Amino acid sequence: MAEPLAILHYASLGQVGGVERYLSAFLAHRSTRFDVRHGVELFEREHPLFRDVLRAHADGVFYPKHAGSLKIPGWPKGLREGWHRHVARRYAGGVALVWNLLGDLRALERAEAGGLAKVYFERGLAWFEDQGGTKIRAFLDRLDGAIANSEAGRRVLQLGWDYTGPVAVHRNALRADAASPRATAKRLDPSRPLVLGTLGRLLPFKGVGLAVHALAELVGDGVDARLEIAGEGPLDAALRELASRLGVADRVTLHGHLDRVEDYL
């Protein structure tokens, strides 16, 4: 019988964002077509939301400073790194899949020590120009291949970072339980308020502040509208202050983190 495919995922799961949720769903999905052994090497402690998924679906979960329940001392230097290279060798002959760690050479060095094929999953980080360009190009040069979640993402790797290796495009999956069985076009009801909504981490590049400004413009034009914001992040207080300054605080609801975003949508 053939050995199962081994994938060692390198990721950070400390936040609750799109990449983190996607990786969690990927691990939880039970495929009848593929026999896969998953290991997850974390670069920080996971958010509690992902703890049960990791325990149930990962062959092993590995932390920055621990080997199992034992803390690895910081001295002698290199002891912790030696442990992580030992972890990579457990998955020898498999694939190192690097999530949301563009430019982090530690993941590639560990994968190389374990004889793993090195694949980067591009899900948006390559779009930001204010990163260390030299480090990112060195990272990309050492890859065996990349995955992008859109054709645009593939072209950003190629045109923006001069990546010449193979790039496969795999668009985001939709969970079956999140899809409406009978989607129909909707028309705005003039007798009801116009509801705007956003969903995502409350970070500057997400542009949630623009939605607050848009709401203020609509209200200023006499439109009965409100704004629903789902997600958590460091801009929570700033968005509340912005809504208050623009005079629409009573029309903005910040829901924070949601376990079932499909209900919100």
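Tutor: Arg 110 and Glu 41 form a salt bridge, with their closest N and O atoms 2.8 Å apart. The pair links distant parts of the chain: Arg 110 belongs to helix 4 (residues 105-113) and Glu 41 to strand 2, 69 residues apart. Keep in mind that this is a predicted model.

Student: Are Arg 110 and Glu 41 buried or exposed?

Tutor: Arg 110 has a relative accessible area of 5%, which is under the 20% limit, so Arg 110 counts as buried. Glu 41 is buried as well, at 0% relative accessibility.

Student: Which residues are linked with Arg 110 in a network of salt bridges?

Tutor: Begin with the general idea. Side chains of opposite charge can pair when their charged atoms come close. Here, a network of salt bridges links Arg 110 with Glu 41, Glu 81 and Arg 85.

Student: How many salt bridges does the structure hold?

Tutor: The count is 17. One of them joins the side chains of Lys 118 and Asp 144, at 3.4 Å from N to O. Lys 118 is in strand 7 (residues 117-122) and Asp 144 is in the loop between helix 5 (133-141) and strand 8 (145-148), so this pair ties together parts that lie 26 residues apart in sequence.

Student: What is the accessibility of Lys 118 and of Asp 144?

Tutor: Lys 118 is buried, with a relative accessible area of 8%. Asp 144, by contrast, is partly exposed, with a value of 45%.

Student: Where are Asp 162 and Arg 137 in the chain?

Tutor: The side chains of Asp 162 and Arg 137 meet in a salt bridge, at 3.8 Å from N to O. Asp 162 sits in the loop between helix 6 (151-161) and strand 9, while Arg 137 is in helix 5, so placed that the pair links distant parts of the chain, 25 residues apart. Arg 137 counts as partly exposed, at 34% relative accessibility.

Student: Now the sheets. In what order do the seven strands stand?

Tutor: First the general idea. Strands of a sheet pair through backbone hydrogen bonds, either parallel or antiparallel. In this model, seven strands form an open sheet in the order 3-2-1-6-7-8-9, with parallel pairing. Strand 3 (60-62) and strand 9 (167-169) are at the edges, each with a single partner strand, so one side of each has no neighbour in the sheet. From one strand to the next, the twist averages 20°.

Student: How many bridges join strand 2 to strand 3?

Tutor: Strand 2 (residues 36-42) and strand 3 run parallel and are joined by three bridges. Val 40 stands opposite Val 61 in strand 3.

Student: Which strands does helix 3 lie across?

Tutor: Helix 3 (residues 79-89) lies across strand 1 (5-11), strand 2 and strand 3, and runs at about 150° to strand 1.

Student: Which strands form the open sheet of three?

Tutor: That sheet has the order 10-11-12, and its pairing is parallel. Strand 10 (194-199) and strand 12 (252-256) are the edge strands, each with a single partner, so one side of each is left without a neighbour in the sheet. The twist averages 15° from one strand to the next.

Student: How many bridges pair strand 10 with strand 11, and which helix lies across them?

Tutor: Strand 10 and strand 11 (residues 225-230) pair over six bridges, in the parallel sense. Leu 196 stands opposite Leu 227 in strand 11. Helix 7 (residues 208-220) lies across strand 10, strand 11 and strand 12, running at about 170° to strand 11.

Conventions
Residues are numbered from 1 along each chain as its sequence is written. This is a predicted model: local features need pLDDT of at least 70, side-chain atom pairs count only at pLDDT 80 or more; totals for chains, interfaces and linings use all residues. Side-chain values use heavy atoms; hydrogens and water are left out. Two strands pair if DSSP finds at least two bridges between them. Helices (H or I, at least four residues) and strands (E, at least two) are DSSP runs, numbered from the N terminus. Axes are lines fitted to C-alpha atoms, for helices over the stretch in contact, and angles run from 0 to 180 degrees between N-to-C directions. Contact means heavy atoms within 4.5 Å. A salt bridge is a side-chain nitrogen of Lys or Arg within 4 Å of a carboxyl oxygen of Asp or Glu. Buried means under 20% relative accessible area, exposed over 50%, partly exposed in between (1.4 Å probe, protein chains only).
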